[in-house]
Amino acid sequence: MSQQMDVCERVLARVDDGVEAEVTVTTGTEALTRFATGFIHQNVADEARQVHLRVAVDGRVAEATTTQVSDDALASLVRSALDAAALQPVDPAWPGL
Amino acid sequence: MFEYAEAAVEAAIAAGARYADARVMDRRHESMAARNGEIEGLTQEQSVGIGVRALIGSGWGFASTADLDADSTRRAGAEAAAIARASASVPGADLELTPVEVRQDSWANEVREDPLKVPLAEKGDMLVTVTRTMKDHGADTANAGYDIWDTSKWLVSSEGHRIDQNIVECGAHMDATANGETETQRRSYPGIRGQYGTRGWELVRELDLPGNAARIAEEARALLTAPECPSHDAIDLIIGSEQMALQIHESVGHAVELDRILGWEAAFAGTSWLNLAQLGSLRFGSDLMNVTADATLPGALGSFGYDDEGTPAHPVDIVKNGIWVGTLSGRDSAALAGIRESGGAVRGDGYNRLPMVRMTNVGLLPGTSSVEEMIAATDDGILVDTNRSWSIDDKRLNFQFGCEIGWEITNGKRGRMIRNPTYTGIGPTFWQSLDMLGNESEWTFWGTPNCGKGQPGQIGHTGHPSVPCRFHGVRVGVRG
């Protein structure tokens, strides 16, 4: 199993039954070089990672994101998304995940 | 967290860097929005990682990673040095760093009420309530929202800096839009972007959104039938402090960014009409114009203890008695320009963005006049406030701005409300026409939480201390 899939599974394992959940883990390397006035004034690289969770609780949909994959960080991610869902109005057109 | 930054700096130096710094950053962002009495969205994000800068010869390298462990952070340090070596293969002018006192310190802004600990339900109820109130008082569309940022940083440099900071920022906004037959009118409170600062939730409570919701909805409705702003080639113009904040941001703040003046941002953000050869002699505005960049102002959105190079926050004179005397700078840009010390204006938007020159709190020092005195002293003029639109060229010289609301001023009295007020000008000509300056009781530290700059894009949080001002002979009511 890839590291990304492992993170997805660890997030889903923290979501209670009855809650719809979708996890996306995005990783990659981004780099950019900028030239100005005849020299390189910026030369940057980023090993990017983002974990995005979308949950739906009885038609109340919410999202949360983090860059971290520790157990604490993933538990916090799930908690944030569920807390946010509780505040959302029910989407009557929600088709389900 | 310091241990990760230290490992990264050690790795960069071991890989050949002559200077390196590393910044671990943990930022939480919470944002909620409501429309027409319902919650529209709630964003909760956490971004944690490390960014490393390395300097080899005259070449900078930057590398970042979200993996906070010893191996990953050392790898980021070595990569920053490898990138710096590549940059140095296309050498520019000799690049030095202005000296800065090496400090080991902790800093945090004052927070009376932690905004992330205020229950989500309470914050949501406030937004729902004010949008319902605006709907009940004539708004066809009512929006409200807030943003909270809680940022912790740990900076280590090869010179010995070891600084941690915790910066809490928050603020809120709301707006009411009324639809007419041929146009819409909007009123925002307290400004087009709301109001933000380096403060806790007490700032949002002081804004009193519920107490202003009905008024702005009624004003939006009233604007639909207000007369159009008349066109004048030259008239006295009184500008409220919120619009003045935007005027300062666009026509002074960006123009004095040293990276723009040096041409480094020409490819994207633009350059500046200012020429370093005229620093200290160029007349930017009238004698009343005194502008500082001061990151020490308590509660202002552009405040901090240290910038991302470890330079302590300090006030910098930008325009003194109308003469251009200073820039927004960092250690490398200041050295290249022959400026003695860094302006302490280098910040990065997140761990994975290269720190660059950003505005701190760029604003006007107050004068002695009240708005009522400005009105009483004006025979024929226009009073405008609350930014609605902005346009300025890439040298930050020619501009045209629109405001949400205006009033005619005749024989020293405020007259009819007018809609769609606009004005235009050329930076130094406009600022030299400043002839009345608001007093300290009207000095407001406006916050702009959405200043875009850089590639990859970075969002900066800037402050703009501002007062109402009167300008003589301004072109208003521009059409087409």
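**Exercise 1.** Determine how β3(A) is joined to chain B.

Solution. Strands here are DSSP E runs of at least two residues, helices are H or I runs of at least four residues, and both are numbered from the N terminus. Two strands pair if DSSP finds at least two bridges between them. In this predicted model, β3(A) and β2(B) (residues 38-56) run parallel and are joined by 2 bridges. Within β2(B), Glu45(B) is the residue opposite Thr65(A).

The model is predicted, with local features requiring pLDDT of at least 70 and side-chain atom pairs pLDDT 80 or more, while totals for chains, interfaces and linings use all residues. Residues are numbered from 1 along each chain as its sequence is written, chains are lettered from A in the order in which they are written, and side-chain values use heavy atoms, without hydrogens and water.

**Exercise 2.** Find the extent of the interface between chain A and chain B.

Solution. Step one is contact (heavy atoms within 4.5 Å): 28 residues of chain A touch 41 residues of chain B. Step two is buried area, the accessible area (1.4 Å probe) lost on being put together, summed over both parts. The two chains bury about 3000 Å², 49% of it on carbon and sulfur atoms. On the chain A side, Arg34(A), Glu47(A) and Leu87(A) lose the most area, together 20% of what that side buries.

**Exercise 3.** Count the salt bridges between chain A and chain B.

Solution. The criterion is a side-chain nitrogen of Lys or Arg within 4 Å of a carboxyl oxygen of Asp or Glu. The count is 2. One of them links Arg34(A) with Glu265(B), at 3.1 Å from N to O.
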